[in-house]
Amino acid sequence: MDMFSLKGKVAIVTGSSTGLGQGVCKAYAEAGAKVVGADYVPSAETAKMLGGDFHSVTADLMTLAPIPGIIARAVETFGRVDILVNNAGIIRREDAVNFSEKDWDDVLALDAKTVFFFSQAAAKRFMEQKSGGKIISIASMLSYQGGVRVPSYTAAKSAVKGITMSMANEWAKFGINVNAIAPGYMATNNTAQLRRDKDRSEAILDRIPAGRWGTPDDIMGAAVFLASRASDYIHGFTLAVDGGWLAR
Ligand code: NAD
């Protein structure tokens, strides 16, 4: 199944130090790609796992300022860019009635604004290379549902699903595939607080048809598929990897 190979491809993955982003880096390296990981903390563990297939850039993506430098670093190090994964994300939990402007702005900045402008920068690069390319953003169940105590996260992840379609509409003709992956409830730092809350944790688990929380390994297949030639005619779609949560 050569159509799933990423041999010769170069990927940028944001939020590469841990969790789902680390899983995506591992999947891409295993599929044959070189990976540049961008994170506001050093991706030391990922670098140790992947050796020469991985290059770590430390950059805070709360602002757009580091984006051109990350793309330049990928080109300097590995010669080109073929794949962007917008994975870095944060969540803030508070009752809607007490939710602060800062918790709104911070989450929207990283989880929505950076996703759009990093995608725009990657699309420009793909157009210059005349190569086409793949843009994959990490959405959420809250791209479909309202959630509880996470209004800015719901706003941002709903935006990710929407802009995935809007960018796909404009860039498909350049051979650029823009898609998203909506993970269900995955055991990472993002959900640590939720998993510590016994009642919420049990209620969530009860509702997952697969009967377990997901892990970073669970999104490896979808991430490789959407980055590979096998998905060349898929545009603007958000693929749920959720143990059946949305089907319930
Ligand atoms: P995580 O908190 O373990 O990972 C988030 C990553 O983003 C980390 O590597 C972190 O260092 C990085 N990051 C945070 N702030 C950053 C910044 N300012 N600049 C650069 N990098 C920054 O959580 P995760 O679950 O692996 O989350 C990855 C993505 O998946 C996020 O977009 C998250 O919203 C999404 N997601 C997670 C779940 C889940 O259940 N865990 C479900 C749906 C979507």
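Okay, let's start with Glu 128, which is exposed, at a relative accessible area of 59%. Exposed here means over 50% relative accessible area, buried means under 20%, and partly exposed is in between, with a 1.4 Å probe and protein chains only. A quick word on what we're looking at: this is a predicted model, so local features need pLDDT of at least 70, side-chain atom pairs count only at pLDDT 80 or more, and totals for chains, interfaces and linings use all residues. Residues are numbered from 1 along each chain as its sequence is written, and side-chain values use heavy atoms, with hydrogens and water left out.

Back to Glu 128. What does Arg 125 form with Glu 128? A salt bridge, with the closest N and O atoms 3.9 Å apart. By salt bridge I mean a side-chain nitrogen of Lys or Arg within 4 Å of a carboxyl oxygen of Asp or Glu. Both residues lie in helix α4, three residues apart, about one turn of the helix. Helices and strands here are DSSP runs, numbered from the N terminus: helices are H or I with at least four residues, strands are E with at least two.

Stay in α4 for a second pair. Asp 106 has a salt bridge with Lys 102, and their closest N and O atoms are 2.8 Å apart. Helix α4 covers residues 101-129, and these two are four residues apart in it, so about one helical turn separates them.

Lys 134 and Asp 232 form a salt bridge, with 2.8 Å between the closest N and O atoms. Lys 134 sits in strand β5 (residues 133-138) and Asp 232 in the loop between α8 and β7, so the pair ties together parts that are 98 residues apart in sequence. Lys 134 is buried, with a relative accessible area of 6%, and Asp 232 is partly exposed, at 39%. There's also a network: salt bridges that share partners join Arg 92, Lys 102, Asp 103 and Asp 106. By this rule, the count comes to 13 salt bridges.

Leaving aside neighbours within four places in sequence, Arg 229 is in contact with Asp 2 and Met 3. Contact means heavy atoms within 4.5 Å. And how far apart in space are Arg 229 and Leu 239? They're ten residues apart in sequence and 17 Å apart, C-alpha to C-alpha.

Next, a charged residue without a salt bridge. Asp 242 lies in the segment after β7 (238-241). Asp 242 is buried yet has no salt bridge; the nearest side chain of opposite charge is Arg 207, 7.0 Å away. For charges, Lys and Arg count as positive, Asp and Glu as negative, and His and the chain ends are not counted. What does the side chain of Asp 242 reach? The backbone nitrogen of Leu 246, at 2.8 Å. Not counting residues up to four places away in sequence, Asp 242 touches Met 141, Gly 184 and Ile 208.

Ile 71 is in helix α3 (residues 67-78) and counts as buried, at 11% relative accessibility. Beyond its neighbours within four places in sequence, Ile 71 has contacts including Phe 118, Ala 122 and Arg 125. The C-alpha atoms of Ile 71 and Ala 122 are separated by 7.6 Å, though the two are 51 residues apart along the chain. Then there's Ala 156, in helix α5 (residues 151-171), which is buried, with a relative accessible area of 0%. Not counting residues up to four places away in sequence, Ala 156 touches Val 107, Leu 108, Asp 111 and Ala 112.

Last stop, the ligand. Which of the 29 residues around the ligand come nearest? Leu 20, Asp 39, Asn 87, Tyr 153 and Thr 188. A residue is near a molecule or strand if one of its heavy atoms lies within 4 Å of it. A polar side-chain atom of Thr 188 lies 2.5 Å from an oxygen atom of the ligand, and one of Lys 157 lies 2.9 Å from a ligand oxygen. On the backbone side, an N or O atom of Leu 61 is 2.9 Å from a nitrogen atom of the ligand. Taken alone, the ligand exposes 810 Å², and the protein buries 94% of that. Those areas come from the Shrake-Rupley method with a 1.4 Å probe; for residues, only the protein chains shown count as cover.

Notes. Polar contact = N/O pair within 3.5 Å; in protein donor to acceptor, adjacent residues only side chain to side chain.
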